Amino acid sequence: MRRVGCDYRCLLIPAALAFFYIQMRLFVTQSKYEDRLAAAIESENHCTSQSRLLIDQISIQQGTIVSLQEQNKRQSEECRQLKALLEDLERKGLKKLVDKVPVAAVVIMACNRADYLERTIESVLKYQSSVASKYPLFVSQDGTDPNVRSKAMSYDQLMYIQHLDSEPVHTERPGELIAYYKIARHYKWAMDQLFYKHNFSRVIILEDDMEIAPDFFDYFEAAAALLDKDKSIMAVSSWNDNGQKQFVHDPYELYRSDFFPGLGWMLTKSIWDELSPKWPKAYWDDWLRLKENHKGRQFIRPEVCRTYNFGEHGSSMGQFFQQYLQPIKLNDVKVDWKSRDLSYLMKDKYTKHFADIVRKAKPIQGTDAVLKASNIEGDVRIQYKDQPDFERIARQLGIFQEWKDGIPRTSFKGVVVFRYRTTRRVFLVGPDSLRQLGIKDARNI
């Protein structure tokens with residue numbers, strides 16, 4: 001029995017040890033799970049905190065969005081009210097400037113040359129003030145140059161309009177200047193504004209680097225009557241490309257021309273109705289010189305210019321300015337255009353009128369024709385064979401050599417006329433000019 005009891009005790013000791021070992025393992029395992037559970041609870045609490053923070057931030061952002069939407073709504077309403085106020089001020093301002101039916105609106109096209117603009121405005125106002133109701137003055141700015149805007153806005157005698165164009169420019173050929181495209185856009189916008197929004201029947205276009213002559217407005221008033229009567233006249237210009245001091249003399253003389261002169265010109269609403277829908281993307285002045293666009297119609301130009309272009313800086317003309325623009329003679333004679341009979345410029349009279357002058361000119365020939373012209377008293381005419389021959393003669397004389405679409409600058413029926421050293425007129429006559437003028441002269445064939 002004692003041996004049996006001893007055996008039981010011996011078995012209890014390992015069992016107790018095993019029990020304690022198991023208990024220790026269970027305790028260690030329980031401690032690990034408790035740590036993991038605590039970590040999980042902490043992580044959950046952190047996630048909950050982050051979620052609440054994110055929800056708070058979203059709520060704040062939603063509040064900001066709502067606030068911005070309300071602010072945008074208020075600003076849109078303010079813009080609408082300001083636009084309505086501006087339009088009302090424009091109407092009142094225009095009414096103040098115009099108390100009867102005007103002859104034409106005058107617009108100065110500007111961009112980023114505030115000093116030039118000031119000089120142009122001062123020149124225009126010098127002669128416009130006494131006839132302001134007939135010629136309401138506008139400045140149209142392309143872009144946002146602040147100096148140009150403030151300069152234009154500083155004058156109470158004019159209306160300021162602004163062309164804001166954010167559409168990107170895509171040139172049609174590599175290397176082209178986008179400026180030509182932006183200028184064309186600006187011109188179309190300004191003309192649409194003046195003809196369609198303000199409903200003027202005529203518009204005179206100036207650029208921001210021009211001075212005008214004392215009789216500028218009287219000249220255009222007389223020309224307006226011609227535009228209304230004769231639909232074969234497309235526009236009236238104050239410019240003569242060969243208007244340099246050595247080539248002009250008579251401030252009373254006007255001509256018809258197949259070449260669009262530009263640089264201070266007037267057109268009617270009916271002409272703009274035709275041009276506006278097909279206005280080019282760039283090079284608008286050269287486009288107007290194409291035969292397909294003026295369709296046989298002509299332009300009125302003076303012998304002595306009524307505008308002077310002083311814009312040497314900020315341009316790419318350089319030598320061109322020195323040779324052709326700087327020497328231009330700006331008329332200084334106050335011509336009484338109301339007393340002048342301009343009926344000779346009408347289509348049914350002008351060809352005969354001009355032909356009679358050309359017919360009386362003495363024809364001279366030969367390679368030394370320019371030299372002969374210098375030694376002959378009275379008007380002379382020199383016939384050229386083709387464009388290269390014209391350019392050769394023009395180069396010797398110092399006048400414009402350029403042609404556009406088969407038409408020499410300033411020409412009528414291929415004839416270019418200018419004064420040469422004295423009051424004598426020189427007529428450069430094309431190979432088909434005499435026939436077109438109805439002149440039969442075997443000496444010049």
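Some questions and answers on the labels follow.

Analyst: This is a predicted model, in which local features need pLDDT of at least 70, side-chain atom pairs count only at pLDDT 80 or more, and totals for chains, interfaces and linings use all residues. Residues are numbered from 1 along each chain as its sequence is written, and side-chain values use heavy atoms, with hydrogens and water left out.

User: Why is Asn309 called buried?

Analyst: Buried means under 20% relative accessible area (1.4 Å probe, protein chains only). Asn309 has 3%, so Asn309 is buried. Of the 445 residues of the chain, 45% count as buried.

User: Which residues is Asn309 in contact with, leaving aside its neighbours within four places in sequence?

Analyst: Contact means heavy atoms within 4.5 Å. Beyond those neighbours, Asn309 touches Asp209, Met210, Trp239, Leu263, Phe321 and Leu325. Its side chain also has a polar atom 3.0 Å from the backbone nitrogen of Gly311.

User: What makes α2 and α3 roughly parallel?

Analyst: Helices are DSSP runs (H or I, at least four residues), numbered from the N terminus. Angles run from 0 to 180 degrees between N-to-C directions, and axes are lines fitted to C-alpha atoms, for helices over the stretch in contact. Roughly parallel means under 35 degrees. Helix α2 (residues 114-128) and helix α3 (residues 146-153) pack at about 20°. The two are therefore roughly parallel to each other. Their axes are 9 Å apart.

User: Which residues meet where α2 and α3 pack?

Analyst: Ala114, Leu117 and Glu118 in α2 meet Asn147, Val148, Lys151 and Ala152 in α3.

Note on methods: Buried < 20%, exposed > 50% of the residue type's maximum accessible area, 1.4 Å probe, protein only. Polar contact = N/O pair within 3.5 Å; in protein donor to acceptor, adjacent residues only side chain to side chain. Parallel < 35°, antiparallel > 145°, perpendicular 65-115°, else oblique.
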